Amino acid sequence: MTETTEFDAVVVGAGPAGAAAAFELARAGRSVALVERGPFPGSKNMYGGVVYGRILDTLIPRWWEEMPVQRWVTRRQTMLMTGHQALTIDYRTDTWGRPPYNGATAYRPDFDSWLADKAVQQGATLLCSTTVTGLLVEGGRTVGVRTDRPDGDLRAGVVIAADGVNSFLAKEAGLYGEVSADNYTVGVKETIALPREVIDERFAVRGDHGVDIEIIGCTGEVPGGGFLYTNADTVAVGLVLSLPALAAGGSRPEELLAALKAHPAVAPLVEGGEVKEYSAHVIPEAGYDMMPELVGDGLLVAGDAAAMCLAAGVWLEGVNFAIGSGAAAGRAAHAALRSGDTTAAGLAGYRTRLESSFVLADHRKLREAPHLVMGDLAQRQLPGLACDVAEAVFQVTNPDPKPGLVRIARKQIARHGLKLPTVARETIRALRAYG
Amino acid sequence: MTARGAQGNEVVGPLGPTYPAISFETRMDSVEFRVHERPHIVVDDTICRDCSVRGCITACPANLFIPTSDGGILFNYEQCFECGTCYLVCNEEGAISWSYPEGGHGVVFHSS
């Protein structure tokens, strides 16, 4: 005999998407189970380092007073790198170190547990150490989930799949088309322990201020990028690597990471520290073009499960998209339950909500950006070209006179095997992609 | 004096600073795994023998796919990040049966 428990909604995955969905449902007075396969929320999660908290304003007023923050990001850098050179754009403002803040570094186990606890405070039931093994389907309609607990079926009016990048629930429901490794990257990261004062000195920050550096040109023959950011008393350094290129052989992830750590622009920042934790996670890299159907009968998909990571080079965001989509899913599920129609038609408000928010607006506008960032020009030519131009500009060649900026640019473009029309065309393409 | 890693090797940057390269074992020892007795991933390496790509070997961040001298693949699930890389890059239908570990088991991150 199987005993089942009935909820208005079951949310699978207590990451930021699931926690936000459960928060909104519980706040609206719905009974909601938030199911997490790890022993605590965030225990399965890693990321490239920054939580952009503005979206939390809609859920938790003055969230910054209680969120478990490592450091507030007040220096944001983008670094273009070759084997021996680095050109860095370095923006800093202490404004981001004061309320209402912009971005913060945080440990995901801390942050995700905190946000899930907020949902519990609203009345959600958090079930940890519970793996969802499949959907309960009746008459083609999702009516709950199966779990690995004894008598572990959970019935619900709506199921929200916030089960992460691999989302076996969205795939089981047929919401994904063909899944291709081309659309995914794997992130690997070392969290390196260093004394707080050493981090303050090396990164030129004070107090709870910190740095986030995004890097391109640091992944050898494998398309991808790197990141380096400060926590309170650790520094995190990692890489994001194209799956098909990695699988094609050559370098292993930790070898590429060791090379980045030995780079003259990075070594002085990380050396001497002990690796406190190594971590890895797959990332849905291709954005809008890889998204599944977001709505099924009795089913919504949110966060990484719906490929809502934004990997657009200058913008690398995921947690905020997870929270934004999760909260919208929670509100849409509540509205559908109220109207008594939780079919795909009744839940269609979810997509409408996302389209009118940053979640799908940003993804649709930037749908070309992930392809550009992972393309040959950005990966193989831009970092070297930019570094060589910088070197030619800043190097003093006396007794020869200065060549002039236009001549430097033309010469370096030619030296890198590029033609001016190609550069012009790609510049326009990039402006369109980011416009 | 130069610092030496557990494998005796070292990483020398172009500027000259040296610091110990950590061995893969040391790297993986930094991660907590609550291992369940049931393997959540099963590799059928009779299928792998016909695979000419074997992307799992270089792509798996935990280095869990080890080629054997007789053309097979040796796999152990215990130090798995549950990331999904292996089944995504796998070229051969049916070679990898992939699921998540039982609730509360598998990888547990703390400072990620």
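1. A salt bridge is taken here as a side-chain nitrogen of Lys or Arg within 4 Å of a carboxyl oxygen of Asp or Glu. Between chain B and chain A the count is three salt bridges. One of them pairs A:Glu190 with B:Arg27, whose closest N and O atoms are 2.7 Å apart.

2. The model is predicted, so local features need pLDDT of at least 70 and side-chain atom pairs count only at pLDDT 80 or more, while totals for chains, interfaces and linings use all residues. Residues are numbered from 1 along each chain as its sequence is written, chains are lettered from A in the order in which they are written, and side-chain values use heavy atoms, with hydrogens and water left out.

3. On the contact between the chains: 43 residues of chain B touch 52 residues of chain A, contact meaning heavy atoms within 4.5 Å. The two chains bury about 3,900 Å² between them, 57% of it on carbon and sulfur atoms. Buried area is the accessible area (1.4 Å probe) that two parts lose on being put together, summed over both.

4. Across this interface there are 24 residue pairs in polar contact, both residues at pLDDT 80 or more. A polar contact is a pair of N or O atoms within 3.5 Å; within protein, one must be able to donate a hydrogen and the other to accept it, and residues adjacent in sequence count only if both atoms are side-chain atoms.

5. Which elements give two or more residues to the side of chain B that touches chain A? They are α1 (24-29), α3 (56-59), α4 (85-89) and β8 (106-108) of chain B. Helices (H or I, at least four residues) and strands (E, at least two) are DSSP runs, numbered from the N terminus. α4(B) gives the most, with four residues.

6. Within chain A, strand β4 (residues 71-81) is mostly covered, with 10 of its 11 residues buried. Buried means under 20% relative accessible area (1.4 Å probe, protein chains only).

7. β4(A) pairs with several strands of chain A; two strands pair if DSSP finds at least two bridges between them. Eight bridges link β4(A) to the parallel strand β12 (residues 209-216), where A:His209 is the bridge partner of A:Trp72. Seven bridges link β4(A) to the antiparallel strand β5 (residues 86-92); here A:Met79 is partnered by A:Thr88, and a hairpin of four residues joins the two strands. Two bridges link β4(A) to β6 (residues 103-105), also antiparallel, with A:Arg71 opposite A:Thr105.

Key: Buried means under 20% relative accessible area, exposed over 50%, partly exposed in between (1.4 Å probe, protein chains only).
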